[in-house]
Every structure is written in structure tokens, then in C-alpha cells.
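Welcome! Please take a moment to look over the chain below before reading the notes that follow it.

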Amino acid sequence: MTSSPTVGADHVRPALSSGRAVVLPNPAPLTYVVAATAPHAVNLAKGRPADQAVALWLHHPRTAGTVIDALALGPDPAAAARRLLTEERVTLLAPLREDHPLPDWMAPAAKDGWTLLFGARWAPLLPVLEDHPVLYVSSANRTGHPPAATASAARAMFPGDVPVLDPASLPGTGEERETAPRAATTTVRLHSDGSVELHRNGAQDRLYPPGGYVEHLRSTYRLPGDLGRRTNGRRARTAPARPPGGEVTEDERP
């Protein structure tokens, strides 16, 4: 595998525009992600089947509005979905409306009535993404490897033709103090009644006791129902769990 140095935003923007996959940083405690304007580019960069499911990145307000409208959620749960994506920065499994035709660009993230969404909007990174309202995203790792926590780890893992953005090249990032190991995002399933369950453990729930993160979501976002109803108050499995219509592996989630 050929390696090349990490690059700045001026190299990443044209790579995205040409349809190539790029590796991008997230703020702590999240790991890096690999993103592209085409889902197959994300999958091929990760060394997995080109048609494997990927998440849709709701970094752009116009895209987010279209997707939220396609969800089988009332006004209050829909507002909660926006906050879960942008404030909690979780990955969200959300239900789709049966009576609402989906745009073709949502299909790679939708299956069996659910869609996989990623909503982190890290301000220093937004200028790199703004020209591409539709982006697909997954955790920055090759199959069988943990997600990259640093630019150097990503550079060593991905082929040289996949640019890795150096976070130090982004204005306004400053020096970030690392207080805990980085991890891929927690995955939360949001039901049509507004209740949630922990689908897969990750960075956001790791410091909470069993059931604690779900209770945090319930109280903070005023979500209804017994939020532990499908996990019985226990933490979600750390082994790969089954989403609707298939199986999630460690390299599938953002």
C-alpha cells in the first residue's frame, strides 16, 4: 500500500469534486471518517463491497431538511432528531414514511423502512463540505481494522490515492486537549413515537453507566416512553448488532 503525506483543504476539495473518497477529521472524542459524493467510492476506499450500506451525512441544511421530511416522525420527534444528530453527533437509525417517495440519493442509506444518518457539523470542516450537499460517510478504517483516531493512523491505513486531511490545516481548530480515547460514534435508533434505544456503543455513551446514556437523551431532549424498553436497561452489545434488513460490521458505521 502506497502512503503519502496528509494534505490541506485545498487538496481535499478537488478530490471530493472529482468523486474520490477522502478521509476527514472529527472533533474529540470521535474518530476520523471517510466520505465521498458516491457511496461506492467510500466502500472501495475501505476495501469492502461497492454496494455495502453507508450513512448519509446531514452536514448541509438543505439536505437535512429533505431527509427530516422523509422520516416517519411528528414535529417534536423530528426536532429531536435534528438535535441528536447535530448536538450529540450520534449516528441515527431513523424510520422512513411509507407514503413518501425517496430521492435516489437517499437510497444508499435506506433499507427496509429505515435510514442511517450522520449529522456532525464541525465548524472548521464545513467550508470543505459546503459545495457537496449530498455526501456519504463511514468510519475511517479498512476492513478488519479499528477506526483511525489520528491523521497519521489514517494515512498508514488508506491507499495513497485517498487524501487524508490534516486537521491542523483547518482555521480555528487550535490545539485540542485529548481527555479520552477516541471512538466511532454511538448509534441510536429513533422510533416513530419519538422513543429511542441504544443500537450500538460508541464515543458518546462510553462514560455513562448501563442505561445512563439513554436516560440522558430522554431527559435532555424530552423524549417519550420507556427508552430502555428494547435493551432492558442494559448496554447495547459491543459485538456487531443487526440493523433492519442486515448485519452491521465494525467497519460499517461512521
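Two residues are in contact when they have heavy atoms within 4.5 Å of each other.

**The chain as a whole**

- The chain holds 7 helices and 9 strands.
- Of its 254 residues, 52% are buried.
- The accessible surface of the chain is about 11,200 Å², and carbon and sulfur atoms account for 52% of it.
- Looking at contacts between residues at least 6 apart in sequence, 70% join residues at least 24 apart.

- The chain has a mean pLDDT of 86, with 84% of its residues at 70 or more.
- For residues 227–254 the pLDDT is below 50, although this stretch has 86 contacts in the model beyond near neighbours in sequence.
- Where pLDDT is low, the predicted coordinates should not be read in detail.

- The largest nonpolar core has 47 residues, and the members that touch the most others are V23, L56, L92, L117, F158, V196 and L217.
- Helix α4 (residues 75–88) gives this core its largest share, 5 residues.
- There is also a second, separate core of 24 residues, with W57, L116, L125 and L165 among them.

- What makes strand β6 (residues 114–118) largely enclosed by the rest of the structure? It is so because 5 of its 5 residues are buried.
- In a regular strand the side chains alternate between the two faces of the sheet.
- Both faces of β6 are covered, with W114, L116 and F118 buried on one side and T115 and L117 buried on the other.
- L117 belongs to the largest core, while L116 belongs to the second one.
- Strand β3 (residues 55–57) pairs with β6 in the parallel sense over 2 bridges, and here W57 stands opposite F118.
- Strand β4 (residues 91–95) runs antiparallel to β6, and 5 bridges join the two; P95 is the residue opposite W114.
- Strand β5 (residues 110–111) also pairs with β6, in the antiparallel sense and over 2 bridges, with K111 and W114 as bridge partners.
- β5 and β6 form a hairpin with 2 residues between the strands, where D112 has a positive phi near 50°.

**Helix α2**

- Helix α2 (residues 39–46) has 6 of its 8 residues buried, so it is largely enclosed by the rest of the structure.
- The buried residues are P39, A41, V42, N43, A45 and K46.

- Which residues of helix α7 (residues 212–221) are buried? They are G212, Y213, V214, L217 and Y221.
- An α-helix has 3.6 residues a turn, so residues three or four places apart point the same way.
- The buried residues of α7 pack against α4, β8 (187–190) and β9 (196–200).
- L217 is among the residues of the largest core that touch the most other members.
- After α7 comes R222, with a positive phi near 55°.
- N201 sits in the loop between β9 and α7.
- Is N201 buried or exposed? Residues under 20% relative accessible area count as buried, and N201 is buried, at 8%.
- The side chain of N201 makes a polar contact of 2.7 Å with the side chain of D205.

- V7 belongs to the segment before α1 (9–17).
- With a relative accessibility of 19%, V7 counts as buried, since the cut-off is under 20%.
- Between V7 and P163 there are 156 residues in sequence, yet their C-alpha atoms are 6.7 Å apart in space.
- Leaving aside residues up to four places away in sequence, V7 touches V12, P163, V164, L165, D166 and S169.
- One of these, L165, is included in the second core.

Key:
Residues numbered from 1 in each chain as written. Predicted model: local features only at pLDDT ≥ 70, side-chain atom pairs only at ≥ 80, totals over all residues. Heavy atoms only, no water. Core = buried A, V, L, I, M, F, W, Y, C linked by side-chain atoms within 4.5 Å. Buried < 20%, exposed > 50% of the residue type's maximum accessible area, 1.4 Å probe, protein only. Helix = DSSP H or I, 4+ residues; strand = E, 2+ residues; numbered from the N terminus. Pairing = 2+ DSSP bridges. Areas by Shrake-Rupley, 256 points an atom, 1.4 Å probe, with all protein chains shown as cover. pLDDT = per-residue confidence, 0-100. Polar contact = N/O pair within 3.5 Å; in protein donor to acceptor, adjacent residues only side chain to side chain.
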